[in-house]
Each structure stands twice: as structure tokens, then as C-alpha cells.
Amino acid sequence: MNIVSAGTGVGIHLQRGERLRVIDPEGGQSGDLLIASRDGRERLSNGRTFDYGGKIYVSTGDVLWSDRSNALATIVQDDVGKHDFLYSPCSLEMYRIQYGVTGYHANCNDNLRSAMRDLGIELDFMPTPLNIFMNVAVAPDGRLSFGPPKSRAGDAIVLRAEMDLAIALTACPASTCNGGAPARPLAYEVPKG
Ligand SMILES: [Zn+2]
């Protein structure tokens, strides 16, 4: 099992047919998962995924679609059942505007960009990542609210690659989407066979 330290990110290559298992080792921790084709020309699209799946939450059996309307990955196992796909990754600007942070703050936007750069992909814009284990509720009037992540220690989500992929995975440093707790690590593995 590979650890993604709290508040950091990693880049992962996945071949078509391989699976990526993302684990919450301690429970209650959310992260961002950004998927692109191996050459970076197709990126994850929450809008296409909402459109073709007909819902805003994704879980087992759901396909994650690209901005060119190709299937990037399918969720084949999910212990948690709810992953948000509405929010942009936390960024330096978000910490400044919403929380008055001055100076540098670790953020998923920079970590996703850097992880993709490690895989040879320079993002000219930031797609909306899948916010794994993030527990967002949408009220009937459209208002959004965060609950603590529902993931318990050891819970996982497993994706199967539908093409060769470049993936960036972060363990989010924002306490607001992590039940108010300090950031913890996430982990991943690419199971063989
Ligand atoms: Zn974040």
C-alpha cells in the first residue's frame, strides 16, 4: 500500500484494465482524484458524468466520463457510496477568500497540478476532480453543506481504467470537508490480477 501523506498529492499511471484502489486508512479523510488520458488530451468531466449518469453522486457501477465523451474509468467497488463531484479543488485563493489565510497554505489545486506535471501533463485549466469520500449534501433549495466524511478506517473505492490513464490523487488539507479534523493521509494500491 502506498501512502499519500496528509496535505500532499501523487501521480499514478494506470493501464487499461488495471484497477486503482484508494483507501482511507484512518477514516474521515477526503481527497481529490483527477483523471486524464495518458497523454493528457482528455480530462475528467463532472458535467458529462452527470449528464450520462443522470445523477450528481457516483458509486459502484458508475462510469467517469471525459470531456471528449469517452469512458475514462468505472467505479467497480465502493465501501462508502457517496463522493462529491461538485467542488473545485481547494486552492490558495479559496483559503484566502473563504478563510482569510495569508501566506502559503497547502492545497489540492497545486498538488493536483504538480502530480500531473510529474506524469508529463501540464494542465492549462483545472477540471473538477472527483472529491472522494467527501460528504456533501444538496438541500431542496440548492444549498450545499458539508458533513464529516462517512468513510471509516480501511474503507476504499476501486476504479477500473477504461483506457491508459494519468491520475492525480491528493489527501485534502482542508479541515472543513474532513469533519473539522486535521488532515490525515490517504493510501492507494494497484492490485495485481
Ligand atoms: Zn483539498
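The mean positions of the 19 positive and 22 negative charges of the chain lie 1 Å apart. Keep in mind as you browse that this is a predicted model. The chain contains 3 helices and 12 strands. Its radius of gyration is 15 Å, close to the 16 Å that the globule rule gives for 193 residues, so the chain is as compact as a globular protein of that length. A zinc ion is also present, coordinated by three cysteines: Cys-90, Cys-108 and Cys-172.

**Overall build**

- Take the contacts between residues at least 6 apart in sequence: 76% of them join residues at least 24 apart.
- The accessible surface of the chain is about 8600 Å², and carbon and sulfur atoms contribute 47% of that area.

**The zinc site**

- The SG atoms of Cys-90, Cys-108 and Cys-172 coordinate the zinc ion at 2.2 to 2.3 Å.
- In sequence, these donor residues follow the spacing C-x17-C-x63-C.
- Cys-90 and Cys-108 are 18 residues apart and link distant parts of the chain. Cys-90 sits in the loop between strand E6 (71–78) and helix H2 (92–99), while Cys-108 belongs to helix H3 (residues 108–118).
- Cys-90 and Cys-108 are both buried.

**Asn-131, in strand E7**

- You will find Asn-131 in strand E7, which covers residues 130–132.
- Asn-131 has a relative accessible area of 1% and is therefore buried, the cut-off being under 20%.
- Setting aside residues up to four places away in sequence, Asn-131 touches Gly-31 and Asp-32, along with the run His-83, Asp-84, Phe-85, Leu-86 and Tyr-87.

**Arg-160, in strand E10**

- Arg-160 lies in strand E10, residues 155–161.
- With a relative accessibility of 33%, Arg-160 counts as partly exposed, because that class runs between the 20% and 50% cut-offs.
- Neighbours within four places in sequence aside, Arg-160 is in contact with Gly-17, Glu-18 and Arg-19, and also with Leu-72, Ala-73, Thr-74 and Val-76.
- Tyr-52 and Arg-160 are 108 residues apart in sequence, and their C-alpha atoms are 18 Å apart in space.

**Two loop residues with positive phi**

- Ser-69 is not a glycine, yet its phi is positive, at about 65°.
- The place to look for Ser-69 is the loop between strand E5 (63–65) and E6.
- Ser-69 counts as partly exposed, with 29% relative accessibility.
- Phe-133 also has a positive phi of about 65° although it is not a glycine.
- Phe-133 is in the loop between E7 and strand E8 (135–138).
- Phe-133 has a relative accessible area of 1%, which makes this residue buried.

How values were computed. Residues numbered from 1 in each chain as written. Predicted model: local features only at pLDDT ≥ 70, side-chain atom pairs only at ≥ 80, totals over all residues. Heavy atoms only, no water. Helix = DSSP H or I, 4+ residues; strand = E, 2+ residues; numbered from the N terminus. Rg over C-alpha atoms; globule rule 2.2 N^0.38 Å. Contact = heavy atoms within 4.5 Å. Areas by Shrake-Rupley, 256 points an atom, 1.4 Å probe, with all protein chains shown as cover. Lys, Arg positive; Asp, Glu negative; His and termini not counted. Charge placed at Lys NZ, Arg CZ, Asp CG, Glu CD. Donors = N, O, S within 2.8 Å, 3.2 Å for Na, K, Ca; no water. Buried < 20%, exposed > 50% of the residue type's maximum accessible area, 1.4 Å probe, protein only.
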